[in-house]
Amino acid sequence: MELFLTDKEAERLIKMLKKAVEKYNIIIKLGDTGTLTFCGLGGEKNGIFKMHYKFTKNNKVFHFMECQYNYTLFRVNLNNAFHKNADGSKVFGNRINIFSEKEFYEKQDGHTHYKAFSLPYDTINNTDDFLDMFEQLITFASIIKNEDLTISTQGDLF
C-alpha cells in the first residue's frame, strides 16, 4: 500500500489557515459525537478537513483529518487506553497521534499512518477538560475562531 502524503505536506495542512464551512453553535452533552467541517482559507480548492469528536465520561476524542485521502493529521485521545507504536513502545493515557510516514512503513499494517505521543505535545497541554482541549486544538490546527464556531457544554458535566 502507498501513502499519498508526506510528513512535510501533513504539517503544512495542519498549519494552513482554515475556516468553518458552516455556522456551528454546538452544545455538547454526555454521550455526544459529531463532526465539524472546515476548508482551507480561500475555499474548498485549498482542502476540506473534518474534526470528529466524541464526549463520554471515560473517553474524549478529537480526530482531525484531511478529506482528499481521509488521512488522520492528528487525533487526541483523553482516556486511560494506550496506543502501540511500530517500535513496540506503548503510549498510555492522554495522547496525540500525529501523521507519520515512517510509522506507516514501519508498522506495515496497511493503514496506521500516525505515531502516538504523550501529552503535553508542542502547544497542546495535558488536560481532561473537553472545552479546554477543543480550544487548544483549534489553535493547533490553525482554525479561525469567530462567531461561526461556538461550542459549549450543557450543564455541569465536569
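These are my notebook entries on a predicted model of one protein chain.

**Ground rules**

Totals for chains, interfaces and linings use all residues, while side-chain values use heavy atoms, with hydrogens and water left out.

**Entry: the whole chain**

I started with the secondary structure. The chain has 3 helices and 11 strands. I take helices (H or I, at least four residues) and strands (E, at least two) as DSSP runs, numbered from the N terminus. Read along the sequence, the pattern is α-β-β-β-β-β-β-β-β-β-α-β-α-β.

The C-alpha atoms fill a box of roughly 45 × 40 × 25 Å along the principal axes.

Then I checked burial. Of the 158 residues, 46% count as buried. Buried means under 20% relative accessible area, exposed over 50%, and partly exposed in between (1.4 Å probe, protein chains only). The chain exposes about 8400 Å², and carbon and sulfur atoms supply 48% of it. These areas come from the Shrake-Rupley method with a 1.4 Å probe; for residues, only the protein chains shown count as cover.

I also looked at contacts, meaning heavy atoms within 4.5 Å. Among contacts between residues at least 6 apart in sequence, 44% join residues at least 24 apart.

**Entry: the sheet**

I traced an open sheet of 7 strands, with antiparallel pairing and the order β1-β3-β4-β5-β6-β9-β10. Two strands pair if DSSP finds at least two bridges between them. β1 (18-20) and β10 (114-118) are the edge strands, each pairing on one side only. From one strand to the next, the twist averages 20°.

I then followed β6 (72-78). It is mostly covered, with 6 of its 7 residues buried. On one side, 6 bridges join it to β5, running antiparallel. Met65 has Thr72 as its bridge partner in that pair. The β5 and β6 hairpin has 5 residues between the strands, and Asn70 takes a positive phi near 60° in this hairpin. β6 also joins β9 through 4 antiparallel bridges. There, Asn77 is partnered with Arg95.

Which strands does helix α1 lie across? Helix α1 (residues 7-15) lies across β1, β4 (48-55), β5 (60-66), β6 and β9. The helix runs at about 65° to β6. Axes are lines fitted to C-alpha atoms, for helices over the stretch in contact, and angles run from 0 to 180 degrees between N-to-C directions.

**Entry: cysteines**

I searched the whole structure for disulfides and found 0. My cut-off is a pair of cysteine sulfur atoms within 2.5 Å. Cys39 counts as buried, at 6% relative accessibility. Cys67 is partly exposed, at 23%.

I found Ser100 in the loop between β9 (95-99) and α2 (101-107). Is Ser100 buried or exposed? It counts as buried, because its relative accessibility is 10%. Not counting residues up to four places away in sequence, Ser100 touches Asp7, His113, Tyr114 and Lys115.

Glu106 is in helix α2. It is partly exposed, at 44% relative accessibility. Its C-alpha atom is 22 Å from that of Ala81, 25 residues apart along the chain.

I noted a cis peptide bond between Leu119 and Pro120, with omega about 5°. Pro120 is in the loop between β10 and α3 (130-140).

Asp122 is in the loop between β10 and α3 as well. It has a positive phi of about 50° although it is not a glycine. Asp122 is exposed, at 57%.

Ser142 is in the loop between α3 and β11 (149-153). Its phi is also positive, near 60°. Ser142 is buried, at 14%.

Technical notes. Residues numbered from 1 in each chain as written. Predicted model: local features only at pLDDT ≥ 70, side-chain atom pairs only at ≥ 80, totals over all residues.
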